[in-house]
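Please look through the structure below with its charged side chains in mind, and then with an eye to its surface as a whole.

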Amino acid sequence: MRGRTPFAVLVVALLSAGLLGLLMLNTALNEGSFTLSRLKKQTTDATDQQQTLQQQIAEQSAPDALEQRARGLGMVPGGDPAFLNPDGSVTGKAKAAEDNPPVPRSSAEPWQRPGGAASPAPTTSPGDPGIELAPAPPASPSASPSGSASPGTPR
């Protein structure tokens with residue numbers, strides 16, 4: 001009877017340690033699962049935001065939107081261009097851009113206004129969203145690919 005007691009205590013201790021180990025392992029796996037699903041949701045949200053920003057850029061860089069903003073700045077279509085060939089000859093005949101119908105302009109340009117101040121904020125029509133974009137999350141400094149240089153830094 002005396003020889004069986006230490007063996008029984010050893011078996012109970014090993015079983016208890018095994019159960020506690022399995023409990024800890026299961027807890028760690030569940031924690032990792034929650035972290036994974038949180039990161040998947042963040043990825044989905046970031047992808048949705050990226051697609052929204054790309055759609056806004058595509059809408060604002062469409063030819064009609066660019067033309068509307070250019071006309072709002074007083075620009076007019078340039079007409080047929082002339083091209084300079086490599087041998088120095090000119091192909092085509094350039095002509096001055098026609099302002100027909102005239103684009104309404106303010107009486108004084110921003111640099112000619114008293115005090116030299118420009119208008120406080122540009123106004124946009126309801127049909128023209130302007131260049132307002134939704135704010136993007138800040139990028140981390142290590143987000144750029146290793147092979148590319150950021151603008152303004154020499155390679």
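Arg71 forms a salt bridge with Glu67, the closest N and O atoms being 3.4 Å apart, where a salt bridge is taken as a side-chain nitrogen of Lys or Arg within 4 Å of a carboxyl oxygen of Asp or Glu. The two residues are four positions apart in helix 2, which covers residues 63-72, and so about one helical turn lies between Arg71 and Glu67. Helices here are DSSP runs of H or I with at least four residues, strands are runs of E with at least two, and both are numbered from the N terminus. Arg71 is partly exposed at a relative accessible area of 34%, and Glu67 is likewise partly exposed, at 40%; the term stands for values between buried (under 20%) and exposed (over 50%), computed with a 1.4 Å probe and protein chains only.

The model is a predicted one, in which local features need pLDDT of at least 70 and side-chain atom pairs count only at pLDDT 80 or more, while totals for chains, interfaces and linings use all residues. Residues are numbered from 1 along each chain as its sequence is written, and side-chain values use heavy atoms, with hydrogens and water left out.

Side chains of opposite charge can pair when their charged atoms come close. A search of the whole structure finds two salt bridges, and one of them joins Asp45 to Lys41, with 3.2 Å between the closest N and O atoms. Because Asp45 and Lys41 are four residues apart in helix 1, they are separated by about one helical turn. Asp45 counts as partly exposed at 40% relative accessibility, whereas Lys41, at 52%, counts as exposed.

Helix 1 spans residues 4-60 and also holds Leu10, a partly exposed residue with a relative accessible area of 47%. Together with Phe7, Val11, Leu14 and Leu15, Leu10 forms a nonpolar patch on the surface, with about 510 Å² of accessible area in total. Such a patch is made of residues with over 30% relative accessible area and no salt bridge, nonpolar side chains (Val, Leu, Ile, Met, Phe, Trp, Tyr) being joined within 5 Å and like charges within 9 Å.

For the protein as a whole, the elements run α-α-β-β from the N terminus on, and buried residues make up 5% of its 155 residues. The accessible surface comes to about 13,500 Å², of which 64% belongs to carbon and sulfur atoms; accessible areas come from the Shrake-Rupley method with a 1.4 Å probe, and for residues only the protein chains shown count as cover.
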